[in-house]
Amino acid sequence: MVDAAVLEKLEAGFKKLEAATDCKSLLKKYLSKDIFDKLKGQKTSLGATLLDVIQSGVENLDSGVGIYAPDAEAYTLFAPLFDPIIEDYHVGFKQTDKHPNKDFGDVSSFVNVDPEGQYVISTRVRCGRSMEGYPFNPCLTEAQYKEMEEKVSSTLSSLEGELKGTYFPLTGMSKEVQQKLIDDHFLFKEGDRFLQAANACRYWPAGRGIYHNDNKTFLVWVNEEDHLRIISMQMGGDLGQVFRRLTSAVNEIEKRIPFSHHDRLGFLTFCPTNLGTTVRASVHIKLPKLAANRDKLEEVAGKYNLQVRGTRGEHTEAEGGIYDISNKRRMGLTEFQAVKEMQDGILELIKMEKEM
């Protein structure tokens, strides 16, 4: 059973949420009194409670989503809250749907979307993974963080070929190494207030680190927001090369480290916005003519389920007309389909730009 102090905090949090009339989060939308009463006494086998799930959204009433999963089991135990939020966020993935099995498909069918190098500045594909048998951030102990880092860093250190590289732990990192990683845009900072409120940053920087290959085209973040963020990237538009590198890396890591996976929801991570394939394929692209008509750009992007962001991500402007464009759908389709959707959309945008 959940202890009295946690229950008290939960009741106070629910009252605060109820009273917040201008709160637009999915947590506020879906945490009814019935669901709250049904879930407030529940606890996962690793000890996670509803408080761990909702505390970030209660503290930050301006959250868009407002919930995190403290461990893999939370997605099942607290499903009456998670499922409708997942359906709302991942438009088109209903509560009766089942995410398909992992399928990277025929990776040789992906191309260079901009062989002349006129439009695409850089390309990256990333995915998130969690290690089976470990909870997510709010429930991890310092010893577990260190144990996970040890497992991951030894696995990464055994990679060969173009994936071969170096692991840099955040603990005891020298100022020079830190500056170099910041200059390369590789280093992540301690979490924002949403992650802080979710208890995702405890024992910082213990157990956290960064791996990159010698060419700096392959990167793994260890224990930042997710256990693993696996990233493949390079300058130019060769999506095929970027995706093939990611695929071989994920397969190599998975041989040694089992990942958390759910029959219905696919790969599990800390945030319910990033489930299923967890794949985000994106380009930084310059489309000056199309960009002059943002509505037109958005309309075409929408047809291919693409998301248009400013140069530095969500809620930023396009600097020098450069947009960050990525696949929007992560659930209910395979990895191959998600990246193919993005490739087709980018090819279409470039074609339109040329014709204008």
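## A pair of strands

Val120 stands opposite Ile285, a residue of strand β8, in a model that is predicted, where local features need pLDDT of at least 70, side-chain atom pairs count only at pLDDT 80 or more, and totals for chains, interfaces and linings use all residues. Residues are numbered from 1 along each chain as its sequence is written, and side-chain values use heavy atoms, with hydrogens and water left out.

Strand β1 (residues 120-129) and strand β8 (residues 280-286) pair in the antiparallel sense over six bridges, where pairing requires that DSSP finds at least two bridges between two strands. Strands (E, at least two residues) and helices (H or I, at least four) are DSSP runs, numbered from the N terminus.

## The sheet

Eight strands, paired in antiparallel fashion, make up an open sheet whose order is β2-β3-β4-β5-β1-β8-β10-β9. Because β2 (165-169) and β9 (306-309) stand at the edges with a single partner strand each, one side of each is left without a neighbour in the sheet. From one strand to the next, the twist averages 20°, with angles running from 0 to 180 degrees between N-to-C directions of axes that are lines fitted to C-alpha atoms, for helices over the stretch in contact.

## Helices on the sheet

Helix α10 (residues 239-256) lies across β1, β4 (218-222) and β5 (228-235), and runs at about 155° to β5. Helix α12 (residues 294-303), which packs on the sheet, touches β9 and β10 (322-327), and its direction makes about 150° with that of β9.

## The whole protein

The protein has 13 helices and 10 strands, and its C-alpha trace spans about 65 × 45 × 40 Å along its principal axes. Of its 356 residues, 55% count as buried, that is, under 20% relative accessible area with a 1.4 Å probe, protein chains only.

Terms used:
Contact means heavy atoms within 4.5 Å. Buried means under 20% relative accessible area, exposed over 50%, partly exposed in between (1.4 Å probe, protein chains only).
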